[in-house]
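Here is my notebook from a first look around this structure. I jotted down each thing as I looked it up.

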Amino acid sequence: MHIQIGLLGCGTVGGGVIELLHKRKQKIAELTGVQASIKKVLIRDLHKEREVLLDGETLTTDAEDILNDPDITIIIETIGGIEPARSLILQAIAQKKHVITANKDLIALHGSEIIEAAKEANVDVYYEAAVGGAIPLIRPLKESLTANVITEIKGIINGTTNFILSKMTATGADFTEVLDEAQQLGYAEADPSSDVDGLDAARKLTILSTIAFHTKVKLSDVRVTGIREVKADDVRYANELGYVIKLLATGTETDDTLSLCVAPTLIPKDHPLAHVSDAYNALYVRGDASGDLMFFGRGAGSLPTASAVLGDAIDVFRNLTHRVTGLQDSSYLSEKPVVPDKAAAQPFYLRFSVQDRTGVFAKIAGLFGEHDINMETVMQKRICDGSAEIIIITHEVVPTNIDRLRKALEQLESVIAVHLVMPVERA
Ligand code: NAP
Ligand code: HSE
């Protein structure tokens, strides 16, 4: 069987897909009996120099060239963003074309619309590359682990911020100095603030939680803090206290309610997640029957992401040869409430600056007492301008209570600024 593909986008991921398909054509033919080729590639700029070697694919700036081509049975979308990606995918589905996408922005916001449209049209939609780059996460959660009740997913699911935080830890640099390098390596989103502000991880957590907890999770359900406020000083203080800082995404189900959070987090140096560096990702999944599982690998980059995209394409080839396309499960079973107050209590790190004079610490300690928050570690660093920086790690406290404490600290006349509050992971 000869299958022709229309590729939307030829950047980091699209270029990787072209390269990998060229390399694996023979193997794919032997495994599936399918001769696969990319017939047309949609781009914006015909004059742009491209690193990937094209081999007979036609470049076009007109999506209709691809959508109206009856020989093209599969669309691979690697444009990114919401529009025109959403409209192009829905048009492709309406034309009975199967769809593979690496687009987490789109799946997080419009996943159920796209899946419902695909069910209606009896075509496949796959999006393994949308979360975790090369790491298989969607399929294990959707298929291999279905016999479990999953109570927690937790991990590092943004390669750019992990690369930045790893470099900050290794070199003492600030994040702006490292961001350029992450962009050049093709890890960052077109708008890198998605990575830095935690939105990319929140979108991925939305997708994973919808599948893991069989519920409809909205992006706005995720409590998100990015790494913009993490300074070289925090990385240094964390190191002194025996921690590294990682952007951690956590989804927890308790008594049929969910708590979902993305935040820079202090991880003890001997914790397995502390060793997940550079653009690597890792995800823990806790199933009632499986116990704890950990998935680890390259979370971003051209060929790692192309590996997941092409894996999806090969599944569609197999489905087409066996005439079993369009087998989509319900994307969720219920709508479980998201209750931030139910988020498990955990220790928090606070860094704030105060006027360096007598009696100030007593007032701060008083506020902690009023909020029933116990201090575990206290460190003070004197700054030359008459102020001091205070770093405190608390005992376990629920996030809503730490929010109240932060507000109260900010109102204290002797507190100059609260710079950063972030959770601390236990060993
Ligand atoms: P990218 O390097 O910026 O490439 C985007 C491609 O889409 C470019 O070829 C661009 O054309 C084309 N394009 C953009 N807007 C278009 C439009 N309106 N019409 C036609 N073509 C358009 O992006 P990427 O890093 O490959 O990411 C693509 C998708 O994969 C995103 O959804 C991203 O979130 C996801 N993803 C990326 C990674 C990663 O490591 N980069 C990993 C997993 C998932 P020109 O070349 O002419 O500019
Ligand atoms: N910008 C994303 C990241 C790409 O850094 O993880 C992979 O989804």
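**Two helices crossing.** I began with helices H1 and H11, and I found their crossing to be right-handed. I keep in mind that the model is a predicted one. H1 covers residues 12-32, and H11 covers residues 302-322. I looked up how their axes lie: they come within 8 Å and cross at roughly 45 degrees. That angle makes H1 oblique to H11.

**Who makes the contact.** Next I listed the residues where the two helices meet. On the H1 side I noted, among them, Thr 12, Val 13, Gly 15, Gly 16, Leu 20, Leu 21, Ile 28 and Thr 32. On the H11 side I noted residues including Ser 302, Leu 303, Ala 306, Val 309, Leu 310, Ile 314, Phe 317 and Thr 321. I then sorted the contact by class, and it has 11 nonpolar, eight polar and three charged residues.

**One residue of H1.** I picked Ala 29, which lies in H1. Is Ala 29 buried or exposed? Its relative accessibility is 15%, so I put it down as buried, the cut-off being under 20%. Leaving aside residues up to four places away in sequence, I found Ala 29 touching Val 34 and Gln 35. I also checked Ala 29 against Ser 334: they are 305 residues apart in sequence, and their C-alpha atoms are 41 Å apart in space.

**The sheet.** Then I turned to the strands. In which order do the six strands of the open sheet come? I read the order as E3-E2-E1-E4-E5-E6, with parallel pairing. At the edges I found E3 (58-60) and E6 (125-126), each pairing on one side only. H1 turns up here again: it packs on the sheet and touches E1 (2-8), E2 (35-42) and E4. The direction of H1 makes about 165 degrees with that of E2.

I took a closer look at one strand pair. E4 (residues 72-77) and E5 (residues 98-101) run parallel and are joined by four bridges. For Ile 74, I found the bridge partner in E5 to be His 98.

H3 (residues 85-94) lies across E1, E2, E4, E5 and E6, and it runs at about 155 degrees to E5.

**A last stop at H10.** Which residues of H10 (residues 232-240) are buried? I wrote down Ala 232, Asp 234, Val 235, Tyr 237 and Ala 238. Just after H10 I came to Gly 242, which takes a positive phi of about 95 degrees.

Conventions:
Residues are numbered from 1 along each chain as its sequence is written. Chains are lettered from A and ligands numbered from 1 in the order in which they are written. This is a predicted model: local features need pLDDT of at least 70, side-chain atom pairs count only at pLDDT 80 or more; totals for chains, interfaces and linings use all residues. Side-chain values use heavy atoms; hydrogens and water are left out. Buried means under 20% relative accessible area, exposed over 50%, partly exposed in between (1.4 Å probe, protein chains only). Contact means heavy atoms within 4.5 Å. Two strands pair if DSSP finds at least two bridges between them. Axes are lines fitted to C-alpha atoms, for helices over the stretch in contact, and angles run from 0 to 180 degrees between N-to-C directions. Angles under 35 degrees count as roughly parallel, over 145 as roughly antiparallel, 65 to 115 as roughly perpendicular and the rest as oblique. A crossing is left-handed if the near helix is turned anticlockwise from the far one by less than a right angle, and right-handed if clockwise. Ala, Val, Leu, Ile, Met, Phe, Trp, Tyr, Cys and Pro count as nonpolar, Asp, Glu, Lys and Arg as charged, and the others, Gly among them, as polar.
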